[in-house]
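Please open the structure in your viewer and keep the selection panel at hand.

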Amino acid sequence: MIAPDVAGIAEKLGAAADAATAIPQLAAETGLDVDTAYAVQAALLQRRLDAGQRLVGLKMGLTSRAKMAQVGVDEVIWGRLTDAMRVPDGGVVDPAAYIHPRVEPEVAFLLDRLPEPGEPVGDFANAVRAVAPAIELIDSRYADFRFSLPDVIADNTSAAAFVIGPWSPVPAGLDNLGVLLEVDGRVAQVGSTAAILGDPRRALDEGIRLAGRHGVRLESGWVFLAGAATAAVPLRPGAHVRAVVEKLGTASLRASL
Ligand code: OOG
Ligand code: MG
(Lines give C-alpha, C1' and ligand atoms only; values in the text may rest on other atoms or scores of the structure.)
(Ligands and ions follow the chains in the order given, each with its own letter.)
Protein backbone atom coordinates (compact mmCIF):
# COMPACT_ATOMS: atom_id res chain seq x y z
CA MET A 1 0.00 0.00 0.00
CA ILE A 2 1.31 3.49 -0.77
CA ALA A 3 1.98 5.75 2.23
CA PRO A 4 -1.00 7.86 3.29
CA ASP A 5 -0.98 11.43 2.00
CA VAL A 6 -0.68 13.25 5.36
CA ALA A 7 -0.99 16.77 3.92
CA GLY A 8 -3.91 15.81 1.70
CA ILE A 9 -5.85 14.19 4.56
CA ALA A 10 -5.21 17.20 6.81
CA GLU A 11 -6.48 19.50 4.09
CA LYS A 12 -9.68 17.45 3.72
CA LEU A 13 -10.34 17.51 7.47
CA GLY A 14 -9.51 21.21 7.79
CA ALA A 15 -11.75 22.11 4.86
CA ALA A 16 -14.58 20.00 6.33
CA ALA A 17 -14.33 21.95 9.60
CA ASP A 18 -14.20 25.31 7.78
CA ALA A 19 -17.25 24.47 5.66
CA ALA A 20 -19.11 22.67 8.51
CA THR A 21 -19.67 19.76 6.12
CA ALA A 22 -19.14 16.11 7.07
CA ILE A 23 -16.79 13.85 5.13
CA PRO A 24 -16.61 10.03 4.97
CA GLN A 25 -14.16 8.26 7.28
CA LEU A 26 -10.78 7.88 5.63
CA ALA A 27 -8.46 5.74 7.77
CA ALA A 28 -9.44 2.36 6.32
CA GLU A 29 -9.21 3.58 2.75
CA THR A 30 -5.90 5.42 3.17
CA GLY A 31 -4.21 2.87 5.46
CA LEU A 32 -3.84 5.44 8.24
CA ASP A 33 -2.33 4.05 11.46
CA VAL A 34 -2.16 5.78 14.85
CA ASP A 35 1.29 7.34 14.36
CA THR A 36 0.42 8.67 10.93
CA ALA A 37 -2.90 9.95 12.32
CA TYR A 38 -0.97 12.06 14.85
CA ALA A 39 1.12 13.38 11.94
CA VAL A 40 -2.14 14.41 10.22
CA GLN A 41 -3.21 16.10 13.47
CA ALA A 42 0.10 18.02 13.53
CA ALA A 43 -0.48 19.12 9.92
CA LEU A 44 -3.99 20.27 10.85
CA LEU A 45 -2.52 22.33 13.68
CA GLN A 46 0.01 23.84 11.26
CA ARG A 47 -2.88 24.81 8.98
CA ARG A 48 -4.44 26.71 11.91
CA LEU A 49 -1.10 28.32 12.85
CA ASP A 50 -0.68 29.43 9.23
CA ALA A 51 -4.10 31.09 9.57
CA GLY A 52 -2.81 33.09 12.56
CA GLN A 53 -4.08 30.93 15.43
CA ARG A 54 -1.97 30.14 18.50
CA LEU A 55 -1.50 26.77 20.24
CA VAL A 56 -2.82 27.26 23.79
CA GLY A 57 -3.12 23.76 25.16
CA LEU A 58 -3.89 20.12 24.95
CA LYS A 59 -7.01 18.02 25.46
CA MET A 60 -7.43 14.43 26.42
CA GLY A 61 -10.13 12.26 24.92
CA LEU A 62 -11.76 8.99 25.89
CA THR A 63 -10.39 9.05 29.44
CA SER A 64 -13.76 7.80 30.76
CA ARG A 65 -15.72 4.61 30.08
CA ALA A 66 -18.82 6.70 29.38
CA LYS A 67 -17.06 8.39 26.47
CA MET A 68 -15.40 5.22 25.17
CA ALA A 69 -18.77 3.47 25.13
CA GLN A 70 -20.49 6.39 23.40
CA VAL A 71 -18.10 6.43 20.44
CA GLY A 72 -17.01 2.78 20.39
CA VAL A 73 -13.27 3.51 20.64
CA ASP A 74 -11.44 2.41 23.77
CA GLU A 75 -8.04 4.09 23.75
CA VAL A 76 -7.04 7.32 25.44
CA ILE A 77 -6.25 9.97 22.82
CA TRP A 78 -5.12 13.60 22.83
CA GLY A 79 -5.55 16.65 20.65
CA ARG A 80 -4.51 20.29 20.33
CA LEU A 81 -6.34 23.44 21.43
CA THR A 82 -5.89 26.84 19.77
CA ASP A 83 -6.92 30.31 20.91
CA ALA A 84 -9.60 30.48 18.21
CA MET A 85 -11.41 27.53 19.84
CA ARG A 86 -11.81 29.33 23.15
CA VAL A 87 -15.24 30.78 23.91
CA PRO A 88 -15.57 33.09 26.92
CA ASP A 89 -17.43 31.71 29.91
CA GLY A 90 -21.13 32.47 29.37
CA GLY A 91 -20.42 33.17 25.69
CA VAL A 92 -22.48 32.35 22.62
CA VAL A 93 -21.66 29.80 19.92
CA ASP A 94 -23.40 29.44 16.58
CA PRO A 95 -24.40 25.79 16.12
CA ALA A 96 -24.64 26.37 12.37
CA ALA A 97 -20.85 26.87 12.33
CA TYR A 98 -20.49 23.17 13.20
CA ILE A 99 -21.57 19.89 11.63
CA HIS A 100 -23.25 18.09 14.55
CA PRO A 101 -21.94 19.77 17.70
CA ARG A 102 -22.06 18.02 21.06
CA VAL A 103 -21.16 19.36 24.50
CA GLU A 104 -19.56 17.56 27.42
CA PRO A 105 -18.47 18.51 30.94
CA GLU A 106 -14.74 18.67 31.59
CA VAL A 107 -12.18 19.62 34.21
CA ALA A 108 -9.48 22.05 33.04
CA PHE A 109 -5.99 22.54 34.44
CA LEU A 110 -3.81 25.62 34.01
CA LEU A 111 -0.33 24.19 33.66
CA ASP A 112 2.60 25.51 35.65
CA ARG A 113 5.92 23.76 36.22
CA LEU A 114 6.02 20.47 34.34
CA PRO A 115 8.50 17.64 34.84
CA GLU A 116 11.15 16.77 32.29
CA PRO A 117 9.88 14.42 29.57
CA GLY A 118 9.80 10.86 30.82
CA GLU A 119 9.43 11.86 34.46
CA PRO A 120 6.13 11.42 36.33
CA VAL A 121 4.24 14.54 37.36
CA GLY A 122 4.96 13.78 41.00
CA ASP A 123 3.66 16.77 42.89
CA PHE A 124 0.48 17.70 41.06
CA ALA A 125 0.13 20.99 42.97
CA ASN A 126 3.52 22.04 41.57
CA ALA A 127 2.67 21.11 38.01
CA VAL A 128 -0.76 22.78 37.98
CA ARG A 129 -1.46 26.41 38.91
CA ALA A 130 -5.28 26.24 38.95
CA VAL A 131 -8.27 24.09 38.07
CA ALA A 132 -11.65 25.00 36.59
CA PRO A 133 -14.92 23.50 35.41
CA ALA A 134 -15.11 23.49 31.62
CA ILE A 135 -17.29 22.59 28.66
CA GLU A 136 -15.88 21.06 25.53
CA LEU A 137 -17.77 21.40 22.27
CA ILE A 138 -16.83 18.47 20.07
CA ASP A 139 -17.74 18.14 16.41
CA SER A 140 -16.51 15.12 14.51
CA ARG A 141 -15.81 16.01 10.92
CA TYR A 142 -16.97 12.49 9.94
CA ALA A 143 -20.50 11.66 8.85
CA ASP A 144 -22.84 10.44 11.61
CA PHE A 145 -20.15 11.17 14.26
CA ARG A 146 -18.69 7.73 13.55
CA PHE A 147 -14.99 6.98 13.35
CA SER A 148 -12.18 4.52 14.03
CA LEU A 149 -9.26 5.26 16.40
CA PRO A 150 -6.93 6.64 13.68
CA ASP A 151 -9.81 8.60 12.15
CA VAL A 152 -10.61 10.47 15.38
CA ILE A 153 -6.92 11.15 16.12
CA ALA A 154 -6.40 12.59 12.64
CA ASP A 155 -9.49 14.78 13.21
CA ASN A 156 -7.81 16.41 16.24
CA THR A 157 -10.00 14.25 18.51
CA SER A 158 -13.17 16.09 17.39
CA ALA A 159 -11.97 19.31 19.11
CA ALA A 160 -14.01 22.33 18.05
CA ALA A 161 -14.45 24.80 20.94
CA PHE A 162 -14.12 25.03 24.71
CA VAL A 163 -15.26 27.19 27.61
CA ILE A 164 -13.31 27.51 30.86
CA GLY A 165 -15.15 28.54 34.04
CA PRO A 166 -13.53 30.40 36.94
CA TRP A 167 -10.08 29.16 37.97
CA SER A 168 -9.59 28.00 41.59
CA PRO A 169 -6.47 26.95 43.47
CA VAL A 170 -5.84 23.21 43.25
CA PRO A 171 -8.05 21.52 45.89
CA ALA A 172 -6.78 18.71 48.12
CA GLY A 173 -8.69 16.03 46.22
CA LEU A 174 -10.01 15.96 42.67
CA ASP A 175 -10.85 12.30 42.48
CA ASN A 176 -14.49 12.17 43.56
CA LEU A 177 -16.25 15.41 42.69
CA GLY A 178 -19.79 15.35 41.36
CA VAL A 179 -20.21 16.46 37.74
CA LEU A 180 -23.44 17.65 36.10
CA LEU A 181 -24.23 18.70 32.58
CA GLU A 182 -27.36 20.83 32.45
CA VAL A 183 -29.23 21.88 29.34
CA ASP A 184 -31.90 24.58 29.74
CA GLY A 185 -31.90 24.05 33.50
CA ARG A 186 -32.46 20.29 33.27
CA VAL A 187 -29.88 17.69 34.18
CA ALA A 188 -28.74 15.97 30.97
CA GLN A 189 -25.78 13.95 32.34
CA VAL A 190 -24.55 13.09 35.83
CA GLY A 191 -21.12 11.77 36.71
CA SER A 192 -18.07 12.04 38.90
CA THR A 193 -14.49 13.10 38.28
CA ALA A 194 -13.65 9.54 39.39
CA ALA A 195 -14.81 8.48 35.91
CA ILE A 196 -11.74 10.23 34.43
CA LEU A 197 -9.08 7.51 34.72
CA GLY A 198 -10.04 7.08 38.39
CA ASP A 199 -8.71 10.58 39.11
CA PRO A 200 -8.40 13.46 36.58
CA ARG A 201 -4.87 14.08 37.83
CA ARG A 202 -3.94 10.85 36.05
CA ALA A 203 -5.02 12.39 32.77
CA LEU A 204 -2.08 14.79 33.06
CA ASP A 205 0.40 11.91 33.44
CA GLU A 206 -1.16 10.27 30.40
CA GLY A 207 -1.09 13.52 28.42
CA ILE A 208 2.60 14.07 29.16
CA ARG A 209 3.39 10.46 28.26
CA LEU A 210 1.28 10.14 25.12
CA ALA A 211 2.09 13.57 23.68
CA GLY A 212 5.77 12.98 24.51
CA ARG A 213 5.73 9.96 22.20
CA HIS A 214 5.07 12.36 19.36
CA GLY A 215 7.64 14.93 20.45
CA VAL A 216 5.10 17.30 22.02
CA ARG A 217 6.03 18.76 25.38
CA LEU A 218 3.35 20.41 27.51
CA GLU A 219 4.11 24.01 28.40
CA SER A 220 3.62 26.30 31.37
CA GLY A 221 0.59 28.53 30.75
CA TRP A 222 -1.22 25.94 28.64
CA VAL A 223 -4.78 24.86 29.26
CA PHE A 224 -5.26 21.11 29.69
CA LEU A 225 -8.65 19.41 29.37
CA ALA A 226 -8.67 16.10 31.27
CA GLY A 227 -11.49 14.50 29.21
CA ALA A 228 -15.22 14.31 29.73
CA ALA A 229 -16.60 12.51 32.78
CA THR A 230 -19.92 11.72 31.03
CA ALA A 231 -21.21 11.09 27.53
CA ALA A 232 -21.65 14.15 25.32
CA VAL A 233 -25.06 15.57 24.35
CA PRO A 234 -26.10 17.26 21.08
CA LEU A 235 -26.03 21.07 21.16
CA ARG A 236 -29.37 22.39 19.87
CA PRO A 237 -29.97 25.95 18.64
CA GLY A 238 -30.99 28.22 21.52
CA ALA A 239 -29.77 25.82 24.24
CA HIS A 240 -28.25 27.11 27.45
CA VAL A 241 -25.58 24.68 28.70
CA ARG A 242 -23.93 24.53 32.11
CA ALA A 243 -21.24 22.19 33.37
CA VAL A 244 -21.17 22.06 37.17
CA VAL A 245 -18.26 20.47 39.01
CA GLU A 246 -18.58 20.12 42.78
CA LYS A 247 -16.25 22.50 44.66
CA LEU A 248 -15.08 24.11 41.37
CA GLY A 249 -18.26 25.82 40.18
CA THR A 250 -19.83 26.29 36.78
CA ALA A 251 -18.91 26.96 33.15
CA SER A 252 -21.64 27.91 30.70
CA LEU A 253 -22.40 28.70 27.10
CA ARG A 254 -25.41 29.53 25.00
CA ALA A 255 -26.13 28.36 21.45
CA SER A 256 -27.61 31.00 19.17
CA LEU A 257 -30.87 30.25 17.31
C1 OOG B 1 -13.73 12.17 20.65
C2 OOG B 1 -13.22 13.17 21.66
C3 OOG B 1 -13.36 12.67 23.08
C4 OOG B 1 -13.43 13.34 25.53
O5 OOG B 1 -13.48 14.25 26.38
O6 OOG B 1 -13.53 12.15 25.82
C7 OOG B 1 -13.25 13.73 24.11
C8 OOG B 1 -15.23 12.22 20.47
O9 OOG B 1 -15.96 11.87 21.40
O10 OOG B 1 -15.66 12.62 19.39
O11 OOG B 1 -13.05 14.89 23.87
MG1 MG C 1 -13.61 16.17 25.57
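**The metal site and the ligand shell**

Glu106 and Glu136 link distant parts of the chain: Glu106 belongs to strand β5 and Glu136 to strand β6, and the two are 30 residues apart. Please bear in mind throughout that this is a predicted model.

Now display the side chains of Glu104, Glu106 and Glu136. Each of these residues is a donor to the magnesium ion (ligand 2) through OE, at 2.0 Å.

Next, select ligand 1. Which residues are closest to ligand 1? They are Lys59, Leu62, Lys67, Ser158 and Ala228, out of 17 residues that surround the ligand.

- Select Lys67: a polar atom of its side chain lies 2.8 Å from an oxygen atom of ligand 1.
- Select Ser158: an N or O atom in its side chain is 2.6 Å from an oxygen atom of ligand 1.
- Select Ala228: here a polar backbone atom is 2.8 Å from an oxygen atom of ligand 1.

Switch to a surface view of the protein. On its own, ligand 1 has 320 Å² of accessible area, and the protein covers 100% of this. Ligand 1 is located in the largest cavity.

Return to a cartoon view and colour β1 (55-61), α4 (65-71), β5 (102-111) and β6 (128-138), the elements that each give two or more residues to the shell around ligand 1. The largest share, three residues, is that of β1.

Finally, colour the shell around ligand 1 by residue class. What is its make-up by class? The shell has eight nonpolar residues, five charged residues and four polar residues.

Methods:
Residues numbered from 1 in each chain as written. Chains lettered and ligands numbered in written order. Predicted model: local features only at pLDDT ≥ 70, side-chain atom pairs only at ≥ 80, totals over all residues. Heavy atoms only, no water. Near = heavy atom within 4 Å. Polar contact = N/O pair within 3.5 Å; in protein donor to acceptor, adjacent residues only side chain to side chain. Areas by Shrake-Rupley, 256 points an atom, 1.4 Å probe, with all protein chains shown as cover. 1 Å grid on protein atoms, 1.4 Å probe; cavity = no way out; pocket = protein on both sides within 12 Å on 5 of 7 lines; lining within 4 Å. Sits in = over half its atoms within 2 Å of the grid points. Helix = DSSP H or I, 4+ residues; strand = E, 2+ residues; numbered from the N terminus. Nonpolar A, V, L, I, M, F, W, Y, C, P; charged D, E, K, R; others polar. Donors = N, O, S within 2.8 Å, 3.2 Å for Na, K, Ca; no water.
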